[in-house]
Amino acid sequence: PAMTAAAARNYPLQTITAEPSVEACVGKDVLLSFNVTIPVSLSPERVYERTVWSPHKRDHCVIYGNNTKCHGGDDFVQRAEISEIWSPTEEEQPRRHGKITLLLRNVTTDDAGFYEGELKTGYTINNVNTLLTVHVREAPFCAEKVEEEDTTTAIAGKDYEAGFRTGYGAGFGTCLGLVLVGALAARIVMKKCRRKAEKPTIVSV
């Protein structure tokens, strides 16, 4: 069917894009993100569906209105989750920007392949593909990731230890100073009392 005037006018404003490829390691979680734009004039009820299709097509997740659901095999449905976020509209901006994200937990080599993001509105349908490459744990890519995680953890641990030492040292020094000041004040008071006690008693004759 021929595109309506409104659809033709808004067609360039409706887009969906993604990184060409994403890498992940077996057993880890991965995020597949799709950047979308729609015309500001497009009412929410006319944003019909936002879908991410797996390479097997049967497995997919969809957002319809305010509802989200994943379909397909139990293994996929239990590990997959789809979400979206939209930025506030700005004055005189013709587009509204958003992001659709598919979270896939505990990935396996069977998850590798092209994932298709699809944006369907009252105007048209847009599609884009992103390639998910899944590496085994022994692959250099995964080994580097493990080293990065270990380094981050080690640095965080050292920062915590250093902060603890600094805080402990400062707190201990403060407490020690207060104790010394208190002891000194007590000694002064005791001396004054002792002097008063030592004064001779004068008896009138």
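In what order do the strands of the open sheet of 6 strands run? The order is 2-10-9-4-5-6, and the pairing is mixed. Pairing here requires at least two DSSP bridges between two strands.

Before I go on, the ground rules. This is a predicted model, with residues numbered from 1 along each chain as its sequence is written, local features needing pLDDT of at least 70, and side-chain atom pairs counted only at pLDDT 80 or more. Totals for chains, interfaces and linings use all residues, and side-chain values use heavy atoms, with hydrogens and water left out.

Strand 4 covers residues 49-53, and strand 9 covers residues 113-120. The two run antiparallel and are joined by 5 bridges. Take Arg50: its bridge partner in strand 9 is Leu119.

Zoom out to the whole protein. We have 3 helices and 10 strands. These are DSSP runs numbered from the N terminus: helices are H or I with at least four residues, strands are E with at least two. Along the sequence the pattern reads α-β-β-β-β-β-β-α-β-β-β-β-α.

Some totals. The protein has 205 residues, and 27% of them count as buried. Buried means under 20% relative accessible area, exposed means over 50%, and partly exposed is in between, with a 1.4 Å probe and protein chains only. The accessible surface is about 14,100 Å², by the Shrake-Rupley method with a 1.4 Å probe. Carbon and sulfur atoms own 57% of that surface.

Contacts next, meaning heavy atoms within 4.5 Å. Among contacts with a separation of 6 or more, 60% link residues 24 or more positions apart.

Last item: backbone angles. Which loop holds Lys57? The one between strand 4 and strand 5, residues 60-64. Lys57 is not a glycine, yet its phi is positive, near 65 degrees. Its relative accessibility is 39%, so Lys57 counts as partly exposed.

Asn106 is another case. Its phi is also positive, about 50 degrees, and it is not a glycine. Asn106 sits in the loop between strand 8, residues 95-104, and strand 9. With a relative accessible area of 42%, Asn106 is partly exposed.
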